[in-house]
Amino acid sequence: GDDVVLARLRSSAQKPGAVKLMACLLHQAPKAAAEILGMLTVTPAVEDSGHYPLPTRADLRKFRFVTKMRCAYESADNPRTEHKDTLHEYKLPIWEYEAERMMAPPWHRQLVGKSRRSGGPQREDYNEHTEEVKVKVVLVPNLLNIHIFMALAVVSPKDAAIFDTKAIRALQYCTWDLLLRPAVLMRIVFDFFELAIQIEWGLRGRQEDIQEQRNSPLNAPFSWCIVAAGCLRDWVNMIWWIHTHCSRRRSTRDHPALHDVWSPRAFFNGAFLLDLLSLLVKTFFVCTSLQLVSDNDSVMNENQQGALAATVM
């Protein structure tokens, strides 16, 4: 019956290679893949429902913002699992609790937030950010996979509704919280610092230069080093991205659907061409503004001043 089919689906989802198959399905039939992920999203088993049941309320604040979902990503061995269905065996994660020590795993607090106190698992703090919640788990190991994200990146607008489903939204939250946010924040800090140096260089000038409406001084070793370092970083990143994309495409030759996901048109799009154009302009400025001999009276020509303005923009 339906239970046998569902057990077989859950068992197949935990076999080696299941993530690649899911990525292929997301690329070829996104709505069907979202439905399957929904069937693989279940309530975890509870180790001690008397002392430590699944939470029904949670504080959904995160960095002063209220989110619609909180997520945690743990390895297949953490939390512990139990086997279900003897015919089509699959693993179901357990909501753990050590009754003797009155302790729960640390990641529970990351998931639930501050609404549940460590001193008493049954006691809950209520505030304006406390919401009614349900704890669910997706029965697909290693779901945070680059093939999955690449398949999601090329989903057509007509299938965009899949991003509102519970499992795929959890993928987005986990990716942002665990992988992207630290890298994005660090990139923003570097870009802001480089932008400030470029603006300061472009506006710099002696009093007589300003009166004569001369361009910015060319002799600025510190500013040039910062801009050149940013240019070198961007070239390394771009070359690494292209190499990685090509390597992934070669590695998926045995999976036609995945091979199509990693097609050149998925990478060499309008955003890439715009980044490449900006990087070429910055490279032109760095190369033409290099001074091997210091000259305090030298100023930028029109091409250099324009290239610096373009890099700021």
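Visitor: Which helix gives the largest share of the lining of the second largest pocket?
Guide: This is a predicted model, in which local features need pLDDT of at least 70 and side-chain atom pairs count only at pLDDT 80 or more, while totals for chains, interfaces and linings use all residues. Residues are numbered from 1 along each chain as its sequence is written, and side-chain values use heavy atoms, with hydrogens and water left out. Among the elements that give two or more residues to this lining are helix 5 (146-153), helix 6 (166-203) and helix 8 (221-251), helices being DSSP runs of H or I with at least four residues, numbered from the N terminus. The largest share, 6 residues, comes from helix 8.

Visitor: How many disulfides does the count come to?
Guide: A disulfide is a pair of cysteine sulfur atoms within 2.5 Å. The closest cysteine sulfur to that of C71 is in C174, 4.4 Å away, and therefore too far for a bond. By this rule the count comes to 0 disulfides.

Visitor: Is C71 buried or exposed?
Guide: Buried means under 20% relative accessible area, exposed over 50%, and partly exposed in between (1.4 Å probe, protein chains only). C246, at 33% relative accessibility, counts as partly exposed. C71 has a relative accessible area of 9%, so C71 is buried.
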